[in-house]
Amino acid sequence: MAVEQGIREGEMRGIFDGLLDKFGFALARMGGAGLQRKGPLGSVYLMQLIPNVLIVVFGTIVMWSASLTMVDASFPRHLGGIAIGFACAALVWAYDYRVFSGKSTLLLIIDIVLMLLPSVPGLGYNAMGMTGWVQVPLIGLRAQPSELAKPVTILLMASLTAEYNGRIETLRDYLKLCGVLCVPFVLILTQPDLGTGLIVLVLGASIIVCGGANSRWVLVTVGIIVVGAIVVVASSMTEGLPSILKQYQINRLVVFVDPSVDPTGNGYNLQQAKIAVGSGGLFGKGIGNASQAGGGFLPEAHTDFVFALLAEEFGFVGSMLLLFLFGWMILATVGLALRVESTFGKLVLVGVASMWAFQLLQNVGMCIGIMPITGIPLPFVSFGSSSMISQMVSAGLVQSVWHYRTKAG
Amino acid sequence: MTLTNIIIALIIILLLSLVGLYVFYSRSDDEKLKMDIGGTAPRAAGGNDSSAGNGIRTRLLGLGLCIVAVVGTLVGRLWSMQLVSNDEYSEQAEQNRTRTISLVAPRGRILDRNGNELVGNRPALTVVSKPDVVENPIEVKLLANLIGMPAAAVRRKIQDQSEGAQSDRTVAQDVSRRVVAFIGEHPYLFEGVSVEERTARHYPYGQLAAHVVGYTGTVTREQLEESEKSTDQGAIVYQAGDTVGQAGVEYEYENVLQGVRGEQSVHVDANGVVSEYSTLVEPQSGSDVILTIDATVQQAAEESLGRIIENIRKKVSPRCCAGSVIAMDVTNGEILAMASAPTYSPNIFVGGISNDDWETLQSEASANPLMNRAIAGQYPSASTIKPLSAFAALDNRICDARSKFDCTGWWTGFGVASGQYCWKQSGHGEMTLESGITFSCDVVFYEIGKGFFESNNPEKFQEKLREWGLGSLTDVDLPGEGKGRVPDADWKWNYYTNAADVDRQWKGGDFTNLAIGQGDLLVTPIQMLCAYAGIATGGSQWRPHVLRSIRSRTGTGSVIDYEPQLLREVHEDPAYLSLVLRGLQGAIYEESEWIALHFNNMKERVAGKSGTGEQVGKNPTAWYIAFAPAQNPRYAVVSTIEDATWASGSALYVTRDVLGALFGEPDDALVAISDMQVAD
């Protein structure tokens, strides 16, 4: 019996491995075709660049239509964000990313300083319920440093994890990595910005897991996080126990479970977003014809709920196009990770890919009611220059990994 | 940001800087800025270990699968939302931006018989507000300053839920164009406040015929529920805030006056700003109601009633303030004038009556001005019942036209112990039934009461009174009519349940009281008017009514006329009728020279009867009922004055003035209140 079962398990694993191999082969071809490619565009990773440019163009069209009806959606500022972001991306691309692998202390310090900037007197800008903003004195320019901290955290975690070269063999080492990751995570939580905190946690965890962490430890960690989250939520929702979550966060969770609870507050936002997406139909209502967004029923149509606007104007076809471009870009990034030699490079790509995937899931998911509402922007599309620059820098990192794929350090 | 946070942040930054500086300067160049956490750095990063971990490839593939799963989930969900459930969501999006505005239909007008507008409509600009505006004290204050009302009053109006908990609250009616313009130009200051053009009731004749036309008010919760439950075809379905008739003709003919609301669909944005107008259903105006009331006669009636009451109050009875008068066409029941004192102004109900006004109208001191005493006032009929008592006596052979009665002023038919005075204590001498009516001799009717008491079937008396319509509704087309009461043995036994058995029994004294219209008898002025109209026409009582016709204001403007209805036909021997008629004419021309003085100046011969109803704790109620011309009667008039004096001559003036208005022959005889001491 036992032997038979073992054989069957083995067969299953064999079939699974076979499928995985085929998937890996496909991914690797996607990412690695022409790893030795030379020529005028040899230093540019087209498989990531093409979908990325298309996403930016698509987002620009959506933002232009939003600017027709929404005063807050300033089209020139969106274009400005793209321009600055592109310049930063070009700088990063030109720079050898491997330099960062030896600068983990510096990265940690930069990370911490970025996280603490909003708490510095004279810099912090916390008007109108916004948290985690910095206003540069005299110039008046506002930015969200926690956005910029995301690529820094990717580099930090990748450089530390890469030191183990795919073999994190003692619990001590695993805990050290988790401990470092907790530094930016906890600092973001104190701003408080749970959304960005979760992104940092997910991308850091992806790097640690892909970096070779023992799967048993990972499962135990996930278990602890789940139990901890349940305790936090339960304690916040129970009268008399300390409330760790803010009231609005509890409301969002309640509404996520049952949107009919509060049709005018948080539930209203969710309901309006779903109506916008659903009423888009196959081809959408056309640019400028979105009654949900244009009539003001859909809140934050140019920032957090930008996907709902896109889905209303461009319909199923438009949302499929966006998902296809994102899928292409992210899988091409993973594919490149399969092929590059450097462990540090692999892990940087893992961080970027998991960040994009998580933000995509979270942002689109909240518009269609499969994720709770959080203020996470859709990469390259949502209005907001901090996010745009940070995402462009991340894309620049992917390009830099390609650029310096072959040269030995 | 608290000071503690700042200090902590500064300390952390300082410490980190020190650590950073220490690390930077304590290491060799290669190790600078590098955190050594014990791993073996890969070759690519300048380390020595070139063996890649075996696990990385599998984990990367797992990450790839996760990404595929994420995208797949999103695709699946979008498929179901955008393609499968698209209709449902599209409908919700449409609902979101579509609002239906209901267009109020103008209410029908109320006209007098000659087409004079008693009640019309005028446009009224109304400031309305959403209920939650009350939570913004600055906005309330601004609004109060703009309208010129105290902020507390504005707050109270916005909190008033009488128009429905969710509906907009009426803040001020009839605001000026300046107010409207200011609100329009500063929408950001007055969020949730808007201006609506509504129509308001307009009374060109002021409070003329107030009790007939009645007043309108905001639909009550009960009326709303009733209209929602109604299953009648074409029944009006009210919305909160609708204006509906609450009294008089406004109430009685509500379903005619009320128009049919129109509807308009509009596209709005999330703030309710209209971007596009679409389908429109025009409102249909309510129909005009044309009354039988003649504004001229009505004016004369009200003026006279008011003037006589004022005189009595000044000179005789200081608490006198109430009374009524009705003028009716006896040939078809049309009411040409109907007034009740004290009166009120229907205008104070326009746009909702204030609490203060309402309390004033309800207070005892104001003597219930909302009550239409002409149909709802219930009094002992006093001597005006005597013609009916005479019919009862003649029909039941209690006496006949030749019977003689001797009035000494003191009647002892039931023994000396229960002796009763005639109103004329010096006595009338020898009387017949006819002269008993003319001189209103009580002794004649005491004898009739005694005759019934001693007959085999005494309650034939009450039967006769009921036959003439006492104790039942006249079915006049106005709300709130009183039924009156014809007392009998059963009633008395059941009514005085707390009294001793001997006092509950019907006695001879009850009959003598009934025969002269005193005691427990209660009648309304309109009942007595109908009874006298029956005498005038020889037995036909037409249903009294104020509706003449209804004229549609839409379509062809068709007119529906009121068809007169026979209320009841009383059969009396023509000889008896003429006996009573002679007696009633005698009461005008023979009883006293002084009364005759007021009627000799009329071309038409008049028949009439006075009455003075005794009231406990008050001065008596004065009655005067008359009809003319006596031979071919056309109009009958009844007047009552409460708390008047021992002188029905007071009511006589009102009746005479109304007859004067009807026939165009005003009373030019001198009226002196001191004269009022003469009659009854």
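Okay, a bit of bookkeeping. It's a predicted model, where local features need pLDDT of at least 70, side-chain atom pairs count only at pLDDT 80 or more, and totals for chains, interfaces and linings use all residues. Residues are numbered from 1 along each chain as its sequence is written, and chains are lettered from A and ligands numbered from 1 in the order in which they are written.

So, the sheet. Chain B has five strands in an open, antiparallel sheet, ordered β12-β11-β23-β22-β21. Strands here are DSSP E runs of at least two residues, helices are H or I runs of at least four, both numbered from the N terminus, and two strands pair if DSSP finds at least two bridges between them. At the edges of the sheet sit β12 (335-341) and β21 (607-613) of chain B; each has a single partner strand, so one side of each has no neighbour in the sheet. On average, neighbouring strands are turned by 5 degrees against each other, direction ignored; axes are lines fitted to C-alpha atoms, for helices over the stretch in contact, with angles from 0 to 180 degrees between N-to-C directions.

Zooming in, β22 (621-628) and β23 (635-641) of chain B pair antiparallel over seven bridges, and B:Y624 has B:S639 in β23(B) as its bridge partner. Helix α11 (295-315) of chain B packs on the sheet, touching β11 (323-329), β12 and β23 of chain B, at about 30 degrees to β12(B). Contact means C-beta atoms, placed from the backbone, within 7 Å. Helix α21 (525-537) of chain B packs there too, touching β11, β22 and β23 of chain B, and its direction makes about 150 degrees with that of β23(B).

And chain A? That has 14 helices and three strands.

Methods
Contact = placed C-beta atoms within 7 Å.
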